[in-house]
Amino acid sequence: MPEASFGENGICAVCRRNPVTRWCDFIIAYNNEFIWVKGSYKAFKEANSGDKYETCDLPMCEKCANKVSRDRHLCPHHMKLHNQRELPDAYQKKRQHEEKRKINTEIWEQSRR
Ligand SMILES: [Zn+2]
Ligand SMILES: [Zn+2]
């Protein structure tokens with residue numbers, strides 16, 4: 001991730017009082033379009049490697065940012081969505097669980113080869 005500054009007098013977009021120290025890390029768009037670069041295939045591969053997504057980036061102060069993991073923070077609006085990430089349907093939850101177990105087993109078996 002490229003480093004960027006919070007600006008000299010950025011004010012939190014939520015409380016509109018405190019200085020900005022965080023950006024919302026909620027992913028609002030996934031993008032896997034190819035990026036065309038001039039030059040070698042290597043350069044093309046590098047430009048297109050890894051996950052590409054766009055985050056909310058709402059500027060917030062320390063108090064308004066909801067910490068969801070070590071270095072991930074969400075704005076109040078996206079925190080609400082984050083709290084709904086669990087599947088409400090019991091059958092779907094069961095299927096999700098089975099699928100995750102299957103994927104993990106496959107990864108584990110591949111790592112032993
Ligand atoms: Zn704030
Ligand atoms: Zn947000």
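Domain bounds are taken here from an automatic or database domain assignment. On that basis, the chain is divided into domain 1 (1-82) and domain 2 (87-113), and the C-alpha centres of domain 1 and domain 2 lie 29 Å apart. The structure is a predicted model, in which local features need pLDDT of at least 70 and side-chain atom pairs count only at pLDDT 80 or more, whereas totals for chains, interfaces and linings use all residues. Residues are numbered from 1 along each chain as its sequence is written, and chains are lettered from A and ligands numbered from 1 in the order in which they are written.

With helices (H or I, at least four residues) and strands (E, at least two) defined as DSSP runs numbered from the N terminus, the chain contains three helices and six strands, arranged along the sequence as β-β-α-β-β-β-β-α-α.

Cysteine 61 is placed in the loop between strand E4 (59-60) and strand E5 (66-69). When neighbours within four places in sequence are left aside, cysteine 61 is in contact (C-beta atoms, placed from the backbone, within 7 Å) with Cys12, Cys15, Asn18, Pro19, Val20 and Thr21.

Definitions and conventions. Two residues are in contact if their C-beta atoms, placed from the backbone, lie within 7 Å.
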